[in-house]
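Morning, everyone. I'll take you through one model today, so please keep the picture in view.

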Amino acid sequence: MSEMRVLDTKRGKPLSSFLNVPTNTGSEETSELVDLLTRVAFNLSPSTMIQQTGFTTVGKTGTLEEQLYNARAACKLQIASVAMHLDQDWRSRFFAQLDNLLDFDEWDDKDLPVTDTSFKTLLRLLLLIRAKRRPGLGATSDGHIIAAWTAGANRLTIECLPEDQIRWIVIYHIDGERESAAGQTSIERVAEVLSPYQSKQWFSR
Amino acid sequence: MRKGLKLPAEHHIVRYVPFSKLRKDENDKIIGVLATAFALRKGESALSVTYLEYFPGSKMEQIRGAVWAIRASDLGAGGKSGFATGNVEAVYNTCINRNHKIRIVYEPVNDNKAHSTVRRLPRDDAELLEILAAETWAELVLNSDINPGKATAPDNPAPQT
């Protein structure tokens, strides 16, 4: 496994040491996140962080286990950069979902890990629609993250593409009849394209 | 059974579904299958499945036989994965209703003698795959629900009564 901890390259210390935050919680994930959040506190851009920490666009380097580790870290970095907009409980449960999704022991080795460009679209979508209910997470074979909301037999599935583009599919039952619809659009138009399907059923508690 | 034969309409096929392609709720409780579980990868010409009635016994015994065969194959199976079962005729009909004429044929491979394939599945019909996942090919068994163990599929299918 490659070194993922964020270091001050001049001193070779974790940057978190400059912020007086505990890293000895016994949790590797906590230490990792503290370092990542420290980066955010230092106001470094994700691209700089990715460059400096060795995070790469996933699917290109290292073993599959390393790629999945990198993908998890890159996703959490992005979440950390917008942490102020997300409820802490929501965020920690979302982290757990990501850990489960990108678990090496469960991953089909013919599939590409989730890409940071796809995850960026998901995060921007979630911030835009302000869903109270988190989506269930999944992934396509080519590295696109999937957000799925289910309300009884009614299903909304959104595949996140790079550059704020999504593919959406709805299965919707009305008066005992099943309707289905699908399309591709940008995240800005999600509310509009889903409006005929009472999208609150998926997003509200 | 000869390679390339169409599977009987009343029989069933089982698709291995990794955790990443299972439908979950917001707390990661598994509630079904995602359409992407039935999507062809780039370069794939057919969808791999396991022929349920290849195995002897009751339906539960057949499912266990199929799961054990998949576990024993090169595919393996993650602890949180699942297996989606669909009826051959129902899968055909769902595809026909959306103007796709698929073929489901027996195609044994070295590591799974019960291996079969779904051919001519479209790459550009997301709604079809969603309907399959929601209704037609949606009978889900979790890997954790099947007794521990694995066994390669026998060289010959169970006799059909």
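Let's start where the two chains meet. Chain A puts 29 residues into the contact, and chain B puts in 25. Keep in mind that this is a predicted model.

Which elements of chain A give two or more residues to the side that touches chain B? They are α4 (88–101), β1 (136–139), β2 (145–151), β3 (154–160), β4 (165–174) and β5 (177–186). The largest share comes from β1(A), with 4 residues. Sort that side of chain A by class, and you get 10 nonpolar, 9 polar and 10 charged residues.

Now look at the strands. A general point to begin with: strands of a sheet pair through backbone hydrogen bonds, either parallel or antiparallel. Here, 5 strands of chain A make an open sheet, in the order β1-β2-β3-β4-β5, and the pairing is antiparallel. At the edges sit β1 and β5 of chain A, each pairing on one side only. On average, neighbouring strands in this sheet are turned by 20° against each other, direction ignored.

Zoom in on one pair. β1(A) and β2(A) are joined in the antiparallel sense over 4 bridges. Find G138(A): across from it, in β2(A), stands I146(A).

In soluble globular proteins, nonpolar side chains tend to be buried together. The largest nonpolar core in this model has 85 residues. Helix α3 (residues 64–81) of chain A gives the largest share of this core, 8 residues. The residues with the most contacts inside the core are A35(B), F38(B), A66(B) and A133(B).

Take A66(B). What does A66(B) touch, leaving out residues up to four places away in sequence? V14(B), T50(B), L52(B), F55(B) and A114(B).

Methods
Residues numbered from 1 in each chain as written. Chains lettered and ligands numbered in written order. Predicted model: local features only at pLDDT ≥ 70, side-chain atom pairs only at ≥ 80, totals over all residues. Core = buried A, V, L, I, M, F, W, Y, C linked by C-beta atoms within 7 Å. Buried ≥ 20, exposed ≤ 12 C-beta atoms within 10 Å, placed from the backbone. Contact = placed C-beta atoms within 7 Å. Nonpolar A, V, L, I, M, F, W, Y, C, P; charged D, E, K, R; others polar. Pairing = 2+ DSSP bridges. Axes fitted to C-alpha atoms, helices over the stretch in contact; angles between N-to-C directions.
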